[in-house]
Amino acid sequence: MKEVLRRALSGAVYIILLLSAVFMSSDAFDFLFMTFGLACLYEYKRLVHLKGYHIFIAYLALWWTFIYLVHDRWLIYILMFLTISTNIVLLFFLFSKKDRLFQFHHKFLIGLLYIGGGCIFLTMIPYKDNDFAKLLIMGIFILIWVNDSFAYLVGSTLGRTKLFPAVSPKKTIEGTLGGLVFTLIAAYLLGRYETMINPIQWLILASVIVLFGTLGDLIESKFKRIAGVKDSGAIIPGHGGMLDRLDSMVFAAPFAYLTLKIFTYVS
């Protein structure tokens, strides 16, 4: 009971911080996710034993460049291609039976694009036609929270079939499907009240977030298993590290951004 209360309190603080940043200003939102990215990179560095602090400098330079300086869509598409390509490499790593040992430059580029690129595209998502779409990004956060919450609740009560026991022994197929169903329900409801994208597009976006969010969670679990640790850090009491909290969000972000761009061209 004490552990549940601690998780609830720390989760509430995290949500309040996120909501405050979204509704305070776009600059506050940008700064918050830049900071979250630094925290995730620090934990990633420890998991893969990446030495030096060059990755922080590279991340800050990349983040500042693409958030404030670059407005050419083709440069953004190049970064998106590199980030998604890196995530695809990580999918091969996830399903490989061998625990691949990455070299320094591999660890550096993976961290910069998987985490750095993910945080950059997460920051870019609410910006549309120079407007900051608060309800759109809040809707995406709601979908992620609904998926995480109901995957845990359904999995802990009805879960019998392991999804990927070699990497994440507690994650079940029933929990994953439960998370998907409730996320689609949430997406349908969002589509009725947030009209920036239509209800069908909300359902497609929800499916993308659930699929790639689940894969992102599994990838981080494999990093932790190889490192021999339960959590990536201890910054959030009861939840572990910042990367534990944002793994699904960071991995899914470039795919969600791509999906929204496709919606723009189709409509």
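Mentor: Helices H6 (134–158), H8 and H9 each give at least two residues to the lining of the largest cavity. Here a cavity is a set of points on a 1 Å grid over the protein atoms alone where a 1.4 Å probe fits but cannot get out, and lining residues have an atom within 4 Å of a point. Helices are DSSP runs (H or I, at least four residues), as are strands (E, at least two), numbered from the N terminus. Before going further, bear in mind that this is a predicted model, where local features need pLDDT of at least 70 and side-chain atom pairs pLDDT 80 or more, while totals for chains, interfaces and linings use all residues. Residues are numbered from 1 along each chain, and side-chain values use heavy atoms, leaving out hydrogens and water.

The largest cavity holds about 40 Å³ of space (a volume is the space filled by probe spheres set on grid points, which are joined across faces, edges and corners). Its lining is made up of Ile 144, Asn 147, Asp 148, Ile 209, Val 210, Gly 213, Ser 248, Met 249 and Ala 252. By class these are five nonpolar residues, three polar and one charged (Ala, Val, Leu, Ile, Met, Phe, Trp, Tyr, Cys and Pro are nonpolar; Asp, Glu, Lys and Arg charged; the others, Gly among them, polar).

How many cavities of 30 Å³ or more are there by this rule? The count comes to two. H6 and H9 each supply at least two of its residues, and H9 gives the most, four.

H8 (residues 199–227) packs with H9 at an angle of about 145 degrees, and their axes are 7 Å apart (axes are lines fitted to C-alpha atoms over the stretch in contact; angles run from 0 to 180 degrees between N-to-C directions). In the contact of H8 with H9 there are 14 nonpolar, five polar and five charged residues.

H9 (242–266) also turns up at an open space, the second largest pocket, where it is among the elements that give two or more lining residues, together with H3 (54–69), H4 (73–95) and strand S1 (127–128). A pocket is an open set of points with protein on both sides within 12 Å along at least five of seven lines. This one has a volume of about 780 Å³. Of its 27 lining residues, Tyr 127, Lys 128, Asp 129, Tyr 257 and Lys 261 are the closest to the centre. The largest share, six residues, comes from H9. Overall, the lining has 16 nonpolar, six polar and five charged residues.

Pro 199 is found in H8 and is partly exposed at 34% relative accessible area (buried is under 20%, exposed over 50%, partly exposed in between, with a 1.4 Å probe and protein chains only). Gly 191, in helix H7 (residues 173–193), counts as buried at 6% relative accessibility. Its C-alpha atom is separated by 9.3 Å from that of Gly 139, 52 residues away along the chain. His 49 lies in the loop between H2 (26–48) and H3 and is exposed, with 59% relative accessible area. Phi of His 49 is near 60 degrees, a positive value in a residue other than glycine. Most residues other than glycine have a negative phi.

Stepping back, the protein chain has nine helices and four strands, in the order α-α-α-α-α-β-β-α-β-β-α-α-α along the sequence. Its C-alpha atoms fill a box of roughly 45 × 45 × 35 Å along the principal axes, and 52% of its 267 residues count as buried.
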